[in-house]
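The sequence and model come first.

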Amino acid sequence: MSYSSSSTRCLQLLEKCKNLKHLHQAHAQVFTSGLAHNTFALSRLLAFCSHPHHGPLSYALKLFHHIPQPTLCIYNTLLKTLLLRNELTQTLNVYTHMLQTGTYPDNYSLPYVLKASVKLQSCSLGELVHGCSFKLGFESDIYVGNSLMVMYCAFDNVRGARYLFDEMRRLSAVSWTVMISGYAKVCDVDTARVFFDEAPVRDRGIWGAMISGYVQNNCFKEGLYLFRLMQASDVEPDEAVLVSVLCACAHLGDLDIGIWIHACLKRVGLPLSVRVGTGLIDMYAKCGKLGLARGVFYEMPQRDTVCWNAMISGMAMHGDGEGAVELFREMEAAGIRPDDITFIAVFTACSYAGMAYEGMRVLDKMCNVYNIRPKSEHYGCIVDLLSRAGLFEEAREIIERIPSSSNPSEEAVAWRAFLSACCNHGQAQLAEVAAEKLFRLERHSGVYVLLSNLYAAAGKHVDARRMRNLMRNRGVDKAPGCSSVEIDRAVYEFIAGEKTHPQMEEIQLVLQTINKQMELFGNNPLG
């Protein structure tokens with residue numbers, strides 16, 4: 001066999017590597033074929049080690065250290081390997097070694113190090129790489145420029161990202177996508193929309209960034225409207241877009257679009273991914289279709305912790321406490337480790353179903369089996385659980401167990417739950433104790449409103465007026481109530497006290513008619 005054919009066979013063997021045994025065989029062939037210093041062959045050996053299941057990282061590092069003069073290609077391959085393995089400190093060490101040996105990074109090396117700086121949450125490191133990029137003339141390179149923009153947006157520095165965007169000689173769809181996502185991340189959806197509108201070409205990523213931005217900022221109606229425009233533009237949504245749209249549907253109760261997405265997935269024969277399946281479960285549960293949510297849950301080929309949480313939360317929302325606890329047991333039996341969100345869902349389910357003692361057993365398991373330290377949300381749920389069952393002293397004991405190191409807002413969550421339950425049970429004295437605690441912990445209109453309503457229900461109108469006056473004198477504003485209704489696939493939102501709807505007069509006439517009809521049947525809708 002000639003040297004040429006031996007080298008070719010070796011390179012083919014490298015491309016076919018599937019496991020560590022194959023890697024050892026290929027590595028041996030590299031030496032026997034005279035390719036021990038061949039950059040491509042060595043980079044392929046390193047690249048194989050980038051996959052977590054292909055080989056130990058130590059093998060790749062040992063291989064690298066035996067290369068007398070690593071080339072830029074070798075360095076880049078190792079940087080990528082370390083980054084994919086999430087070995088961030090080692091990534092920086094190799095980058096530093098690269099600079100110390102006089103090997104200058106290129107437009108492949110720099111983005112790897114920028115990604116490592118984001119994962120390490122080190123803005124200063126990212127800025128150092130930015131300086132290096134500038135010195136080497138890569139600042140306006142589209143690949144490096146986009147990576148720098150991503151880095152600055154990750155640290156909420158949209159001004160820095162915008163500067164780079166304006167200075168880049170050539171922009172790609174990724175550049176526009178990064179800026180839209182960056183502004184949405186800092187809650188500036190208006191500027192994000194300006195970038196969206198000015199984008200010369202709108203690909204799936206740009207549409208998805210804007211829809212996701214709206215949904216992340218609770219602009220659900222705008223998100224769904226933009227999704228309809230995306231459909232009209234014949235741009236196929238990807239998984240990320242579908243998850244965002246399902247989230248918007250869940251919050252607005254827009255069942256039709258959610259059903260359309262589910263039907264579309266079935267029509268094209270796509271298997272339910274964990275993310276989309278979880279989105280469907282959440283949407284169906286919040287739209288009142290628990291049976292459909294359960295059907296999606298059990299037809300999913302794979303389920304993660306978030307998926308189980310969504311189904312347990314859905315059952316809790318519908319008052320099926322026993323079903324939620326049973327599903328929690330199924331989750332444990334399936335070998336899925338619950339997280340702190342799981343226990344919030346189970347506590348909520350037990351609270352709605354009046355299963356106080358079952359909830360306390362689950363709390364014991366959370367602390368002593370899974371070693372999860374209770375957070376303010378857990379304390380709030382447990383307090384609500386016990387208070388709803390009329391176990392007020394036990395609820396107070398739980399509040400007193402909240403660590404003194406907790407910040408005031410965390411303690412306020414538990415006292416708020418206690419106050420709400422006291423008001424619901426007409427426990428005026430305990431409610432006053434809770435209110436006094438809350439007055440010292442936070443400035444929130446809910447305390448005044450609950451106490452005022454409690455006094456009014458008990459016929460203590462003087463105390464009720466005193467509470468409203470106290471609220472006004474302290475300058476505490478009450479957030480207006482909000483409701484929405486879906487008619488002909490359009491969602492209409494109404495805010496208490498607002499009279500801007502074009503059909504407000506007709507709406508008020510209808511409400512007056514309904515009120516009169518209710519009074520005829522002996523119901524007083526106004527109290």
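## Terms

Helices are DSSP runs of H or I with at least four residues, numbered from the N terminus. The model is predicted.

## Largest pocket

The largest pocket holds about 310 Å³ of space. Its lining counts 18 residues. E236, P237, L242, C264 and L265 lie nearest the centre.

Which elements give two or more residues to this lining? They are helix 14 (220-232), helix 15 (239-252) and helix 16 (255-267). Helix 16 supplies the largest share, with four residues.

## Salt bridges

The structure contains 13 salt bridges. One of them pairs D156 with K185. The closest N and O atoms of D156 and K185 are 2.5 Å apart.

D156 sits in the loop between helix 9 (142-154) and helix 10 (158-167), while K185 belongs to helix 11 (residues 173-185), so the pair ties together parts 29 residues apart in sequence.

Key
Residues numbered from 1 in each chain as written. Predicted model: local features only at pLDDT ≥ 70, side-chain atom pairs only at ≥ 80, totals over all residues. Heavy atoms only, no water. 1 Å grid on protein atoms, 1.4 Å probe; cavity = no way out; pocket = protein on both sides within 12 Å on 5 of 7 lines; lining within 4 Å. Points joined across faces, edges and corners; volume = space filled by probe spheres on them. Salt bridge = Lys/Arg side-chain N within 4 Å of Asp/Glu carboxyl O.
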